[in-house]
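This report walks through a structure piece by piece.

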Amino acid sequence: MGAPQAEAREAPAESRGEKPLLVARNIEKAYGTVQALGSAQIDVRAGEIVALVGDNGAGKSTLIKVLSGAHKPDAGEIIVRGQSVTIDNPNDAFDLGIATVYQDLALLATRDVVANLYVGRELTRNGILDRRKMTAEANQVVRQLKTNLPSVHTRVRHLSGGQRQAVAIARVVHFGAEILLLDEPTAALGVKEAHEMLTLIEHLKEQDKGIIVVSHNLAHVFRICDRITVLRHGRTVGTLIKEETDSTEVVRMITGADLL
Amino acid sequence: MAVKQEEFDTSTDEAASESRWKRLLAQREIQLLLVLVVFTILVRLGGAPGFLGPTHFPIFLSQVAPDMLVVIPMAMLLIGGMFDLSVTGIANLSVVLVGWTFSRLLGTMDDTLLILLVVAIGLTAGLIVGVINGFAVTRLRMNPLMTTLATWWMAQGAATGVAGGESRHNFVGSFRDIARFQPLRDLGETFPFLQEMRISTLPMPVFYAAVVIFLGWLVLNRTRFGWHIFAAGSDRQGAALNGVNVNRVTLIGFVATGMAAAMCGIVWASRLTSAPPNTLGGLELRVIAAAVIGGAALTGGEGSVLGAVLGLFFMHMIRSATIQLGLPVYWEFFVLGAVLFTAVAFDAWSKRQGATD
């Protein structure tokens, strides 16, 4: 067996006859003289988890930032639900149903789960906060995601890392995000919490969300994802279907070492 | 099996009610209320049996009332992650402007109109300083501590400057009703129990304070704006990322605090019917300390209106007890400082324990 022909092994969603939620093609992005992204491609369907892997500096974060509207790409095309779109800022992304959950979560530590779910979008009735409705809906969201929180009135300060992440995800899902970009969702978590987080991501998949997960942890990647997109030096070197590959091959593509 | 199940249920019930008690006792407001009750009992046993009794309590309330106008917006400002030292300067400036306006315009217009004008001028001074504070902190990104220290001195300097070494006291007679009118007096004649409980003699500032407390509670806990105050103080960037207009929250907070300080000055001018430029001293630290004792965090995101009310009660109770017990008044500040130190130390301790909720 020779070097894997990455391009030949590519498995974009389109070619498999299903309409992707989001497609990014030939994305380029330079910071000054540093070409962070050369030709990056990724796509995700509803009810699918795509892992985005690559070495440090391969351009994973940059690609996520382009898709979430935090950075504008220099070139390339983004297609959401079949429509070519431009994403200039996080609000554009939000309107398209794209939501990013970063490692630093932007949660309010001194506030409870309900206040965090609704911050900036509080529900009111006749100008007065509808706390009963917010609490009821928060309970429902938490139940839907099968996360285990002591109570929706617990302050975020008193939640574990995994629970905080669950709150952050619950927030974007509740406000209609269909395409979720998760940046290292398990990196800061212990074994048990990481396991719970992966289960939560699988629940999101069952709810027909399209999910892109950036991760360094190949064991986690292989547990939950359907396809794996590998970035190297800002280029997508290949997208593999999980059942047709293993971690050795993925590592080889990440490092670019044609060892065999 | 069934018996076992029952046992299990009662034990969890007990555990639940125990944790409910624990949670209740972990609330700053409840802790503070207990401290106030114990303090009152000790003072009464210690030689002042009338402390906060039916005769003292209404007087106590009217002494606390002017500070109360300021402590509520100050607590909200602190919860929003900000800070305002300039309130004493604003209050004194407002006092002096009242005196100055009366001395210039007395007799030139209808008395009621003149009083309205005087009040409007006083409040406008608070509004202007509040806008300056808010603008400096939000647009120019100036540090709130140094900004409000500067505006404090500017307002205080303007007060002494306008006063020009004089304390004016030629006011319209009915101006004193702002502080002294007793709205329930007539009601007291119909319902003797109101008179017995001295409720009918409560003066206007107590009612202003009640309105401010209610409005503060309503805004903070029942409106989107109130939750935005908490959000801004909890994590300014995180709140902004989620669409909270943190600059608007801050600006409104400074304006409300400035206008409340001006109102405090107007009440004092009315009570004293004179307008010295040093009417109020230490107002800023008194209300900030009260809010902090009541659970407001200097780092923002935490605190409550009820806590601020109780904190201010405590500050004034210490002062009042010192006098009633005949203790040397010179030591009052030592006690206030010790109480503040204890409150802050307790905060730090319970945060380390993760016990506050």
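Asp208(A) sits in the loop that runs between helix H7 (191-206) and strand S10 (210-214) of chain A. The model is predicted. In it, the phi of Asp208(A) is near 70 degrees, a positive value in a residue other than glycine. Most residues other than glycine have a negative phi.

His233(A) also has a positive phi, near 50 degrees. It lies in the loop between strand S11 (227-232) and strand S12 (235-241) of chain A. Is His233(A) buried or exposed? With a relative accessibility of 68%, His233(A) is exposed, because the cut-off for that class is over 50%.

## An enclosed helix in chain B

How many of the 11 residues of helix H14 (residues 283-293) of chain B are buried? The count is 10, so the helix is largely enclosed by the rest of the structure. The buried set includes Leu283(B), Val287(B), Ile288(B) and Val292(B). A run of alanines, Ala289(B), Ala290(B) and Ala291(B), is in it too. So are the charged residues Glu284(B) and Arg286(B).

Gly295(B) follows H14(B). The phi of Gly295(B) is positive, near 105 degrees.

## Cysteines

The structure holds 0 disulfides over all chains. Cys225(A) has a relative accessible area of 1% and is buried. Cys264(B) is buried as well, at 0%. Both values fall under the 20% cut-off, so both residues count as buried.

## The interface between the chains

The size of an interface is often given as the accessible area lost when the parts come together. Here chain B and chain A bury about 1,900 Å² between them. Carbon and sulfur atoms carry 54% of that area. On the chain B side, Arg222(B), Trp227(B) and Asn242(B) lose the most area to chain A. Together these three account for 37% of what that side buries. In terms of contacts, 23 residues of chain B meet 22 residues of chain A.

Polar contacts between the two chains come to 9 residue pairs, both residues being at pLDDT 80 or more. Three helices of chain B give two or more residues each to the side that touches chain A: H10 (204-222), H11 (224-234) and H12 (236-241). H11(B) gives the most, with 6 residues. By class, this side of chain B has 7 nonpolar, 10 polar and 6 charged residues.

## Salt bridges across the interface

Side chains of opposite charge can pair when their charged atoms come close. Between chain B and chain A there are 3 salt bridges. One of them joins Glu302(B) to Arg157(A), with the closest N and O atoms 3.2 Å apart.

Another pairs Arg224(B) with Glu122(A), at 2.9 Å from N to O. Arg224(B) belongs to helix H11 of chain B. Glu122(A) lies in the loop between helix H4 (113-118) and strand S7 (124-125) of chain A. The two partners fall in separate accessibility classes. Arg224(B) is partly exposed at 31%, whereas Glu122(A) is buried at 6%.

## Salt bridges within the chains

Over all chains, the count comes to 15 salt bridges. In chain A, Asp88(A) forms one with Lys72(A), the closest N and O atoms being 3.6 Å apart. Asp88(A) lies in the loop between strand S5 (83-85) and helix H3 (90-95), and Lys72(A) in the loop between helix H2 (60-67) and strand S4 (75-80), so the pair ties together parts that are 16 residues apart in sequence. Asp88(A) is partly exposed, with a relative accessible area of 38%. Elsewhere in chain A, Asp43(A), Arg45(A), Glu48(A) and Arg227(A) are linked in a network of salt bridges.

In chain B, the side chains of Arg28(B) and Asp347(B) meet in a salt bridge of 2.5 Å, N to O. This pair links distant parts of the chain. Arg28(B) is in helix H2 (residues 28-45) and Asp347(B) in helix H16 (residues 332-353), 319 residues apart. Are the two residues buried or exposed? Both Arg28(B) and Asp347(B) are buried.

Note on methods. Residues numbered from 1 in each chain as written. Chains lettered and ligands numbered in written order. Heavy atoms only, no water. Disulfide = S-S within 2.5 Å. Buried < 20%, exposed > 50% of the residue type's maximum accessible area, 1.4 Å probe, protein only. Contact = heavy atoms within 4.5 Å. Buried area = accessible area lost by both parts, 1.4 Å probe. Salt bridge = Lys/Arg side-chain N within 4 Å of Asp/Glu carboxyl O. Polar contact = N/O pair within 3.5 Å; in protein donor to acceptor, adjacent residues only side chain to side chain. Helix = DSSP H or I, 4+ residues; strand = E, 2+ residues; numbered from the N terminus.
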